[in-house]
Amino acid sequence: MRNSPKKSVQPLSARFSQHGRMKTSAAAAKSDSRVADAEKFLLPTYQRGSFVLERGKGCYVYDAARKKYLDFLGGIAVNALGHAHPRIVKVIRREAARAIHFSNLYHNAYQGPLARKLAEWSGLDRVFFCNSGTEAIDGAMKLARLCARTPQDAAAQSPRKHRFLALENSFHGRTYGAISVTATEKYRLPFAPVVPGVEFVRFNDVADLESKFDDSVCGILIETVQGEGGIYPVSELFWNRARALATEHGALMIADEIQCGLGRTGRYFAYQRFASKPDIAVIAKPLAAGLPLGAILAIDKVASYISPGLHGTTFGGGPLICAAALECLQIIEDEKLLENVRSRGEELKAGLQALATKFAFIPEVRAEGLMLGVHLSVEGAPFVAEAAKRGLLINCTHDHILRMLPPFIVTRAQIREFLKLFSAVLASVSEKAATAEASTPVARPAKKYATAR
């Protein structure tokens with residue numbers, strides 16, 4: 001069985017690292033009061049560049065200085081239709097003039113039709129709307145605990161069936177429940193003790209799964225394709241065994257499709273490449289074309305455990321946001337965007353693999369549709385910074401994986417534009433690094449930036 005590789009990332013020289021990182025300079029902050037306000041008043045949870053993005057159109061965004069960027073991050077897999085899609089803009093304008101919010105104490109015109117559409121796409125039966133993917137994870141965990149509780153279990157005590165299994169290398173979100181089932185320690189350990197009763201299974205390791213699955217497990221959480229972890233799809237063998245064990249032990253199988261669902265892999269849901277379905281699927285990112293909306297999808301058996309008062313949300317599923325989401329799903333169907341995801345994804349993967357043959361510091365390219373990860377044997381931050389300088393938006397996860405999540409509407413010409421820009425980024429960063437290393441008193445091996453294998 002293959003486990004997620006533990007990459008050894010070689011640090012860049014101090015001189016080059018300082019040169020390459022995206023840091024907000026005092027001059028930049030002073031020149032734009034909005035950046036200065038952000039630096040002074042926002043919690044320092046992100047390392048941002050010094051530019052301010054002001055608008056977007058299609059696959060491009062523009063900053064305050066009118067600089068144009070090719071957006072291959074897509075709001076971190078959110079902007080599936082790019083920016084300012086005319087049909088989405090029309091719906092938002094129309095609904096904003098009618099009603100933005102009522103509350104879930106009343107029906108609205110779009111929540112039911114959107115739930116029907118999601119049930120049709122997913123093959124599941126019931127839907128609960130929330131505001132984000134991490135909330136959907138927490139809600140799914142509550143459902144798993146609820147379904148596992150028997151009449152003999154005292155309400156104030158943990159039932160025997162309460163454990164969760166999750167996978168190594170996983171990322172499920174930032175709320176307390178979600179970080180508890182997130183394996184990556186930098187997200188989880190600073191907030192310990194986290195929710196108890198969680199154990200991690202080696203990725204795609206069936207033997208390890210079998211050794212940890214018993215009647216005390218109430219749910220197993222699986223990212224069908226690990227996104228933050230480096231674009232790793234769960235194997236069919238592992239999925240099928242997890243499905244069988246969940247059924248055997250009366251546990252829920254929960255598919256985290258927050259990043260890989262709703263068309264990102266070229267299917268409505270990534271789990272649809274398997275014969276069996278999960279009991280619960282959680283979605284969010286692209287659902288409402290940039291507006292915040294998440295959802296829990298569940299089979300009828302799971303839904304039967306819920307009654308009024310056991311779960312809820314103030315903002316989730318409002319009329320404006322559900323109208324935008326319904327239009328987003330309809331656009332994906334009308335414009336045959338799943339076909340585009342598959343075709344453009346293959347072109348992008350082939351182009352990146354060709355570049356990998358030219359740069360020895362790229363040991364691997366991984367891709368599922370328009371989810372792509374370029375694995376590096378060196379730090380990734382300088383490449384992200386250089387890309388932004390050249391008008392290209394990408395990001396880096398786990399310090400050494402460059403991630404690309406372009407919109408579903410990306411064209412063949414934009415794939416070519418990206419590959420040209422990205423090739424220049426790779427060449428420029430490697431050249432600067434080689435120059436910096438050569439001028440360092442204790443020179444580092446030049447081979448790690450070699451441009452030929």
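Modeller: In this predicted model, alanine 281 stands opposite leucine 297 in strand 12. Strands of a sheet pair through backbone hydrogen bonds, either parallel or antiparallel. Here strand 11 and strand 12 run antiparallel, joined by four bridges.

Colleague: Is leucine 297 buried or exposed?

Modeller: Leucine 297 has a relative accessibility of 1%, and it counts as buried because the cut-off for that class is under 20%. This residue is found in strand 12.

Colleague: Which residues does leucine 297 touch, leaving out those up to four places away in sequence?

Modeller: Its partners are Leu118, Ser122, Leu124, Arg126, Val127, Phe269, Asp279, Ile280, Ala281 and Ile283. A separate distance concerns proline 278, 19 residues from leucine 297 along the chain: their C-alpha atoms are 9.6 Å apart.

Colleague: Which way do the residues of strand 11 point?

Modeller: Ile280 and Val282 point one way, whereas Ala281 and Ile283 point the other way. All four of these residues are buried.

Colleague: What is the sense of pairing between strand 10 and strand 11?

Modeller: Strand 10 and strand 11 are parallel, and their pairing extends over three bridges. Within strand 11, valine 282 is the residue opposite aspartate 256.

Colleague: In what order do the strands of the open sheet lie?

Modeller: The sheet has seven strands in the order 4-12-11-10-7-5-6, and its pairing is mixed. Its edges are strand 4 (126-130) and strand 6 (198-201), each of which pairs on one side only. On average, neighbouring strands are turned by 20 degrees against each other, with direction ignored.

Colleague: Which strands does helix 7 touch?

Modeller: Helix 7 (residues 133-148) packs on the sheet and touches strand 4, strand 5, strand 7, strand 10 (252-256), strand 11 and strand 12. The direction of helix 7 makes about 165 degrees with that of strand 11.

Colleague: Where does helix 6 lie?

Modeller: Helix 6 lies across strand 4, strand 11 (280-283) and strand 12 (294-298), and runs at about 120 degrees to strand 4.

Colleague: At what angle do helix 6 and helix 13 pack?

Modeller: Helix 6 (residues 111-122) and helix 13 (residues 319-334) pack at about 35 degrees, and their axes are 9 Å apart. The crossing of these two helices is left-handed. Helix 6 contributes Gln111, Pro113, Leu114, Lys117, Leu118 and Trp121 to the contact, while helix 13 contributes Cys322, Ala325, Leu326, Leu329, Gln330, Ile332 and Glu333. Sorted by class, the contact between helix 6 and helix 13 comprises nine nonpolar, two polar and two charged residues.

Colleague: How many helices and strands does the protein chain have?

Modeller: The protein chain has 16 helices and 17 strands. Of its 453 residues, 54% are buried. Among contacts with a separation of 6 or more, 73% join residues 24 or more positions apart. The chain exposes about 20800 Å², of which carbon and sulfur atoms supply 54%.

Definitions and conventions: Residues numbered from 1 in each chain as written. Predicted model: local features only at pLDDT ≥ 70, side-chain atom pairs only at ≥ 80, totals over all residues. Heavy atoms only, no water. Buried < 20%, exposed > 50% of the residue type's maximum accessible area, 1.4 Å probe, protein only. Contact = heavy atoms within 4.5 Å. Areas by Shrake-Rupley, 256 points an atom, 1.4 Å probe, with all protein chains shown as cover. Axes fitted to C-alpha atoms, helices over the stretch in contact; angles between N-to-C directions. Left-handed = near helix turned anticlockwise from the far one by under 90°. Nonpolar A, V, L, I, M, F, W, Y, C, P; charged D, E, K, R; others polar. Pairing = 2+ DSSP bridges.
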